[in-house]
Amino acid sequence: MKNTLFLLICFLASLPASPAFSQPSARIAGGPYLQNVTEDGFTVIWTTTTDAAAWVETAPDDGTHFYAVERPKYYDSHLGRRRLGKLHRVRVGGLEPGKTYRYRIMQQAVLSDEGNKRVVLGEGYGSDILKHAPYPVTTPSADRNELEFWMVNDIHGRDSVFRLLIGDAPRQKPDFVCLNGDLLNSIESEKALFEGFLASASELLTPAGIPLVVTRGNHDGRGKFARHWLDYFPTPTGESYYTFRRGPVFFVVLDGCEDKPDSDIRYYGLSTADAYREQQAQWLRGVVAGEEFRSAPYRIVLIHMPPNKGRGWHGELEIERLFLPILDGSGIDLMLCGHYHRYQWIDDRSRGADFPILINSNNDKTVVKADEKGIDIRVVDTAGNVLKEHKITKNNR
């Protein structure tokens, strides 16, 4: 009897694992990357290899081991229920301003999802199990009077150029990197997003605690996956236009939408850009009238497509018609754009604005520093050479 039992055990052990008993672990597929870093929180976004339930754990940067105590957990949840899927967006809140934190991302694979009958989750797996140190993030301080950020645009999926432009960020540590539109030619898949620029952004910026600020360009509205834009780049407003304050600068992020009329044959009758710009204009009036905008030492507009007074394509003319009457005379210090793939500095009111407009090329980055003396602007190429410099002081505002 003992021999029979032994042989049966050996036989069962030799059988391949049944799919029913296989327990896949949810590995990190893409990311993580940081967005919407505020005085009291931040958002982390990443993807996993299989459907999972995810969360983020945080700890102060106080020298204690991450495992010293039970750390707070923040879940990827919606309407009071944790999300299940491959894309994860976790908002961490309740933090203190001007403080550095550590965080790690975690997930459990969905082994079985039978709806209301049963959901079975697998073992926990996350960034620290990959022997990765917890990631850093620093919340901005309300009274900080200086800021540095970088802007790149019109990458159009050229990841090698993107890496050259942001490669020195971990050493120089700008407060954030702005991706000012046309990141791909069209957005056809999640894979294209990561291969085009997000994988490099995660690899180079996240370990240094540098977040992304993203605007939408006209090409970013094209392609079958473009409708998922806000899933990967969530904003405080739930729209592609929003505001935020960092240091002495109040930022207004606008979406210029498409560059051609809605009726253009290439939009297949699906474009409603005109109405979306009208919607933004209504919102923008309230922003400019608000105390947070009016009390800021500096105000910078981020928009991919610049206005072009009477000479541009439809989108540029609509930006001039709808946005400039609100922005002109409101105290804007600088507008930063892309779209043309060549550098321009316009400060002669030829675009109908009483503020300077810098149009960055598709092969350079714009470095902006703001402090109590003014705003310093440098245009830098992929080799680190400074091509152009501008200064906006309080005296010439």
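This is a predicted model: local features need pLDDT of at least 70, side-chain atom pairs count only at pLDDT 80 or more; totals for chains, interfaces and linings use all residues.
Reader: OK, and how many salt bridges turn up in the whole structure?
Author: A search of the whole structure finds 24 salt bridges.

Reader: What about Lys369, which residue is its salt-bridge partner?
Author: Lys369 pairs with Glu148, with the closest N and O atoms 3.8 Å apart. Here too distant parts of the chain are linked, because Lys369 belongs to strand S19 (residues 365-371) and Glu148 to strand S10, 221 residues apart.

Reader: How do Lys369 and Glu148 count, buried or exposed?
Author: Lys369 counts as partly exposed at 37% relative accessibility, whereas Glu148 counts as buried at 15%.

Reader: Where do Arg222 and Glu258 lie?
Author: The side chains of Arg222 and Glu258 meet in a salt bridge, at 2.8 Å from N to O. Arg222 lies in the loop between strand S12 (212-215) and helix H5 (229-232), and Glu258 in the loop between strand S14 (249-253) and helix H6 (273-289), so this pair ties together parts that are 36 residues apart in sequence. As for Glu258, this residue is buried, because its relative accessible area is 8% and the cut-off for buried is under 20%.

Reader: Which residues are linked in a network of salt bridges?
Author: That network links Glu57, Glu70, Lys73 and Arg104.

Reader: Changing topic, where is Thr50?
Author: Thr50 has its place in strand S2 (residues 41-60), and at 22% relative accessibility Thr50 counts as partly exposed.

Reader: Which residues is Thr50 in contact with, leaving aside its neighbours within four places in sequence?
Author: With those neighbours set aside, the contacts of Thr50 are Ser25, Ala26, Gly85, Lys86 and Ala109.

Reader: And what separates the C-alpha atoms of Thr50 and Leu87?
Author: The C-alpha atoms of Thr50 and Leu87 are separated by 9.4 Å, and the two residues are 37 residues apart along the chain.

Terms used
Residues are numbered from 1 along each chain as its sequence is written. Side-chain values use heavy atoms; hydrogens and water are left out. A salt bridge is a side-chain nitrogen of Lys or Arg within 4 Å of a carboxyl oxygen of Asp or Glu. Helices (H or I, at least four residues) and strands (E, at least two) are DSSP runs, numbered from the N terminus. Buried means under 20% relative accessible area, exposed over 50%, partly exposed in between (1.4 Å probe, protein chains only). Contact means heavy atoms within 4.5 Å.
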